[in-house]
Amino acid sequence: MSAITTIVHFSMPVQNVERFFAFWQESIRPVVERQPGLLDGIFHRYLDDEGRFQFINVARWESAELLTEALRRTAEEMRDDGIEMLDVLRELGVTVSQNNYLEAVHYSGGGGRPGTAAAAG
């Protein structure tokens, strides 16, 4: 099993941006953070609410299998709390696009020095 990165794009009508952001922080994030296999993540907000994707979530997971299980468990736990995630997303007009990736090259800033990038091993 190899670690993967999942990148999830969220698009919605501009009038629902704040409601979605609050829903993600209050209802989705706490459940996702409890899931086995989550290494870390960053939830990005676009500078312009009227852009194509208002939010992008980039998260690293121990494996694709653990991510799949976490997605299932997250929806199940939210349902147990009386929240049907897909219904809320539909109500807010949220479109979700998710893609998963294996790390190909890891790099970091080197102050402009040549040769500071390192291949993933």
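Analyst: The account below goes from the sheet to the helix on it and then to the nonpolar cores.

The model is a predicted one. Its sheet is open and consists of four strands in the order β2-β3-β1-β4, paired in antiparallel fashion. Strands β2 (38–45) and β4 (95–102) form the edges, each pairing on one side only. From one strand to the next, the twist averages 15 degrees.

Within the sheet, β1 (residues 4–11) and β3 (residues 55–61) run antiparallel and are joined by seven bridges. In this pairing, valine 8 stands opposite asparagine 57 of β3. Helix α1 (residues 17–33) packs on the sheet, where it touches β1, β2 and β3. The direction of α1 makes about 175 degrees with that of β2.

In soluble globular proteins, nonpolar side chains tend to be buried together. Here, the largest nonpolar core has 16 residues, of which Phe10, Met12, Phe20, Phe55 and Val94 touch the most other members. Two or more residues come from each of β1, α1 and α3 (85–91). Helix α1 gives the most, with six residues. Another core, of five residues, lies apart from the largest one and includes Ile4, Ala59, Leu67 and Ala70.

Leaving aside residues up to four places away in sequence, Phe10 touches Phe20, Phe43, Phe53, Gln54, Phe55, Asn57, Val94, Thr95 and Val96. Among these contacts, Phe20, Phe55 and Val94 are also listed with Phe10 as touching the most other members of the largest core. Asn57, also in contact with Phe10, is the residue that stands opposite valine 8.

Conventions
Residues numbered from 1 in each chain as written. Predicted model: local features only at pLDDT ≥ 70, side-chain atom pairs only at ≥ 80, totals over all residues. Heavy atoms only, no water. Pairing = 2+ DSSP bridges. Axes fitted to C-alpha atoms, helices over the stretch in contact; angles between N-to-C directions. Contact = heavy atoms within 4.5 Å. Core = buried A, V, L, I, M, F, W, Y, C linked by side-chain atoms within 4.5 Å. Buried < 20%, exposed > 50% of the residue type's maximum accessible area, 1.4 Å probe, protein only.
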